[in-house]
Amino acid sequence: MNEHDSIDYTLKVKELNDNRSAKNGRKPLAFIHTYGCQQNVSDSEHIAGLLSQMGFEFTDDVKKADLALYNTCAVREHAEQRVFGNIGALKGIKDRNPDMIIAVCGCMTQQKQVAEKFKRSYPYVDLVFGTHALPKLPEMLYNVMTKGRVFELGGEDVVTEGIPVRRDSKFKAWLPVMYGCNNFCTYCIVPYVRGRERSRTTEAIMDEAKKLVADGAREITLLGQNVNSYGKDLGGTINFSQLLRKINAIEGDFLIRFMTSHPKDATSELFDTMAECEKVAKHLHLPFQSGSNRILKLMNRRYTKEKYLSLIQEVKEKVPGISLTSDVIVGFPGETYEDFCETLDVVRQVEFDNLFTFIYSKREGTPAAKMEDPVTHEEKTKWMAELLAVQEEISARNMAKRVGRTERVLCENVKDGTVFGRTNENLVVRFDGDESLLGKFVNVKITRSDRSALFGELQNI
Ligand code: SF4
């Protein structure tokens, strides 16, 4: 498909929609539901951009929708069951409105057995497409509208530029810098559904970043499954730290965040860059997953507990006051209580501000799914409770240390006279205020804290 074809199909669908609008006295409405990670949120913003060009408007009420699209996640089996449940619930709506188009996309559909299930057991689902097929949405939709069901699951590991985007926020933006993953952690389905690592060109990223800043973005989050390996496929012309420096040099008052980092690719150069670039947020999310070297090996993470702790020590020295967060898996196949205690030890030593904790969830198609897993879910739940108790105490202690400081806060949301914002370190702050503050940086004096938020008073602005 070339750009010209895509524009052709966009116009063709728009024409069909215009005819429909003339008949119904309103524009067709699209409902988009997104599961999973920020990459999916970003993909949905591009889907919305394409749909907008094709003449759709948007609704939060699936019952009013002419097109209901579910952008799915394959990381957890539980989430997949929820998707099947939600799609099942659409049958009644479609019975009452047979013209409604139901579409499912994202990582889940990239798995053959899932696509087969939609084909066989969900005859009212009109369109199923994988992560690689997103740029072809206009063509696929045109075929659904004129011919019938479409299943588009293949596709190559390419980077398509120029897809329009309709962003959820005016001042917070997701900016993908690379797609896919080469790491094959043994519990993870991502490399199988999102393909191999491929970086966007520096020019494309810089153009988008400059435009975002010019359009008023106050926070730009660079996205990739493993951002630290950005540029490895661009012939050694640039690496992630250099990209950060380039974006940092764009004129304007904005923050740069990035996720996710893999410890094996986190370098001294990255930490120096974080220390030296004033726009790069002083927050590092560095998933360690397990503190046991035996389990790290089974996970194919390619670092040790000692290596991880030495990275943490280095970044703490180079970026004083940095906020650290991480992901942890409890109860990986074969993990013993002794292994779990190594995880607790890392948590105690690092003193993270926040942890994202998961009990191991089996993913068919990954090597870990075939490993012996003798520990019961009940036992793993007890370990998890122990971990959470340790982390909650650390979080509360870390937050309390910020009381009395004045923090620069980006105001993100307001509800019933309370503004919710985030500090440079990505900590949530609540204070009295109104809508006029949204999207602004303000100074807030922190007066108290709990384990998940800071509370404060707005200072003169
Ligand atoms: S780094 Fe590992 S956990 Fe992260 S996406 Fe790649 S394979 Fe999955």
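Reader: Which residues does UniProt give for the feature "domain: MTTase N-terminal", and how is that placement to be read?

Author: In the unreviewed UniProt entry, "domain: MTTase N-terminal" covers residues 28–146. UniProt positions follow the numbering used here, feature names are shortened, and annotations may be inferred rather than shown by experiment. Residues are numbered from 1 along each chain as its sequence is written. The model is predicted: local features need pLDDT of at least 70, side-chain atom pairs count only at pLDDT 80 or more, totals for chains, interfaces and linings use all residues, and side-chain values use heavy atoms, with hydrogens and water left out.

Reader: What is the helix and strand content over residues 28–146?

Author: Over residues 28–146 the chain is 47% helix and 19% strand, where helices (H or I, at least four residues) and strands (E, at least two) are DSSP runs numbered from the N terminus. The end C-alpha atoms of this stretch are 16 Å apart.

Reader: Why is C105 called buried?

Author: Buried means under 20% relative accessible area, exposed over 50%, and partly exposed in between (1.4 Å probe, protein chains only). C105 has 2% relative accessibility, so C105 counts as buried. C188, at 18%, is therefore buried as well.

Reader: How many disulfides are there, and how do you know?

Author: A disulfide is a pair of cysteine sulfur atoms within 2.5 Å. By this rule the count is zero. For C105, the nearest cysteine sulfur belongs to C107 and is 9.4 Å away, and C105 is in no disulfide.

Reader: What makes a space a cavity, and how many of 30 Å³ or more does the structure hold?

Author: On a 1 Å grid over the protein atoms alone, a cavity is a set of points where a 1.4 Å probe fits but cannot get out; a pocket is an open set with protein on both sides within 12 Å along at least five of seven lines; lining residues have an atom within 4 Å of a point. One cavity of 30 Å³ or more is present. The largest cavity has a volume of about 50 Å³, a volume being the space filled by probe spheres set on the points, which are joined across faces, edges and corners. Its lining includes C105, N40 and R194. α2 gives the most to this lining, with three residues.

Reader: Which residues lie nearest the centre of the second largest pocket?

Author: H46, I163, Y179, R200 and E208 lie nearest its centre, among 32 lining residues. The second largest pocket contains about 670 Å³ of space. α2 (38–53), β7 (172–176) and α7 (202–214) each supply at least two residues of its lining.
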